[in-house]
Amino acid sequence: MIHELSFRIALAALLGLIAAGGNLLGGYFVVYREWPRRYLQYFLALGAGYMLSVALVEVIPESVHLAGESALLYVLAGFFLVHLFEHTIAPHFHFGEETHTEQMQHGHAQSAIFLGLAIHTFFDGVAIASGFLVSTWLGFLIFVAVFLHKLPEGFTVASVVMARSQSKRNAVRAAGLLGAATLAGVLLTSQLQGQLKYALPLSGGVTLYVAATDLLPEVNKEPNWRMALLVFVGVATMLILKLLFNL
Ligand SMILES: [Zn+2]
Ligand SMILES: [Zn+2]
């Protein structure tokens, strides 16, 4: 019989690989396919509502359960770690297609955005593995949260590279590297199980930041009430999953 923990770790690695593939696919779409931009926006809206719910209803309470109220300090640290790298060090960053070619010509703009996104995607992987270290249920919930914004992530980084260099190959490679960062997060967290009480709240803070400040503002830019409504569908999906499977 397979040891239950090793099974969960293997599952985390497999789903980490699928999430990484989502980054690559997002990059591929922006470079080689005329993919309706609307679909990407749907993912952003669903992802925003769903991710916020998972962070607030599952990940953060579970972190407090593991480490006491000091876990909230790590949530705060994770939240502002992304703020530092995505929006303080990087001069110009937003989710979705990068169309501001002028902004991208500044020397380090592209590498700063890549670094910020790589740190964020690394924590996507940390989040998946931390979830599976707690339970299959939490791991699965977090995987869905990560997966929902993986295509837009790959799309974002590839379009940043395209705006700067027009190199299709580099654009897809950048999306692939983000996927690799996610996988690295999964594998490292699976190795460092003793650090779960830090890894879970840190990744909870990252998830909260990505949902509330990267995804939601992009949704709110759309002058379309259907998009705004989809955010609630994301929230409802998470709550229904909770009612059905985690009574
Ligand atoms: Zn821009
Ligand atoms: Zn992400």
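The questions and answers below walk through a predicted model of one protein chain.

User: How many helices and how many strands does the secondary structure of the protein chain come to?
Analyst: In this predicted model, the pattern read along the sequence is α-α-α-α-α-α-α-α-α-α. The secondary structure of the protein chain therefore comes to 0 strands and 10 helices.

User: What radius of gyration does the protein chain have, and what value would a compact globule have?
Analyst: The C-alpha trace spans about 50 × 40 × 35 Å along its principal axes. A compact globule with 247 residues would have a radius of gyration near 18 Å, and the protein chain agrees with this, because its own value is 17 Å.

User: What share of the contacts in the protein chain with a separation of 6 or more comes from residues 24 or more positions apart?
Analyst: Buried residues make up 52% of the 247 residues in the protein chain. Among the contacts with a separation of 6 or more, the share that joins residues 24 or more positions apart is 85%.

User: Which word describes how helix 2 and helix 9 are oriented to each other, parallel or antiparallel?
Analyst: Helix 2 covers residues 37-67 and helix 9 covers residues 196-221, and their axes lie 8 Å apart at an angle of about 155 degrees. Because angles over 145 degrees count as roughly antiparallel, the two helices, helix 2 and helix 9, are described as roughly antiparallel.

User: What is the handedness of the crossing in which helix 2 passes helix 9?
Analyst: The contact of helix 2 with helix 9 has 21 nonpolar residues, together with 4 polar and 3 charged ones. As for the handedness, the crossing in which helix 2 passes helix 9 is left-handed.

User: Is Met51 buried or exposed?
Analyst: Met51 is found in helix 2, and it touches Ala145, His149, Thr207, Val210 and Ala211 when residues up to four places away in sequence are not counted. The C-alpha atoms of Met51 and Ala211 are separated by 5.9 Å, although the two residues are 160 residues apart along the chain. Since 30 other C-beta atoms lie within 10 Å of Met51, this residue is buried.

User: How many C-beta neighbours does Pro201 have inside 10 Å?
Analyst: Pro201 is found in helix 9, and leaving aside residues up to four places away in sequence, it touches Ser63, Ala67, Ala71, Tyr74, Val75 and Gly78. Between Pro201 and Phe79 there are 9.7 Å in space, C-alpha to C-alpha, and the two are 122 residues apart in sequence. Pro201 counts as buried because its number of C-beta neighbours inside 10 Å is 27.

User: Which residues of helix 3 make the contact with helix 2?
Analyst: The axes of helix 2 and helix 3 (residues 71-88) come within 8 Å and cross at roughly 135 degrees, and the two helices are therefore oblique to each other. The residues of this contact divide into 7 nonpolar, 1 polar and no charged. On the helix 2 side the contact is made by Ile60, Ser63, Val64, Leu66 and Ala67, and on the helix 3 side by Ala71, Leu72 and Val75.

User: What is the handedness of the crossing in which helix 1 passes helix 8?
Analyst: Helix 1 (residues 4-32) and helix 8 have axes that come within 8 Å and cross at roughly 165 degrees, which makes helix 1 roughly antiparallel to helix 8. The residues of their contact divide into 18 nonpolar, 9 polar and 1 charged. The crossing in which helix 1 passes helix 8 is right-handed.

User: Is Arg169 buried or exposed?
Analyst: Arg169 lies in helix 8, which covers residues 168-191. Its C-alpha atom is separated by 8.7 Å from that of Val31, a residue 138 residues apart from Arg169 along the chain. Because 10 other C-beta atoms lie within 10 Å of Arg169, this residue is exposed.

User: What is the value that phi of Gln166 is near?
Analyst: Gln166 is found in the loop between helix 7 (150-165) and helix 8, and it is exposed, because 10 other C-beta atoms lie within 10 Å. Phi of Gln166 is positive in a residue other than glycine, with a value near 60 degrees.

How values were computed:
Residues numbered from 1 in each chain as written. Chains lettered and ligands numbered in written order. Predicted model: local features only at pLDDT ≥ 70, side-chain atom pairs only at ≥ 80, totals over all residues. Axes fitted to C-alpha atoms, helices over the stretch in contact; angles between N-to-C directions. Helix = DSSP H or I, 4+ residues; strand = E, 2+ residues; numbered from the N terminus. Parallel < 35°, antiparallel > 145°, perpendicular 65-115°, else oblique. Left-handed = near helix turned anticlockwise from the far one by under 90°. Nonpolar A, V, L, I, M, F, W, Y, C, P; charged D, E, K, R; others polar. Rg over C-alpha atoms; globule rule 2.2 N^0.38 Å. Buried ≥ 20, exposed ≤ 12 C-beta atoms within 10 Å, placed from the backbone. Contact = placed C-beta atoms within 7 Å.
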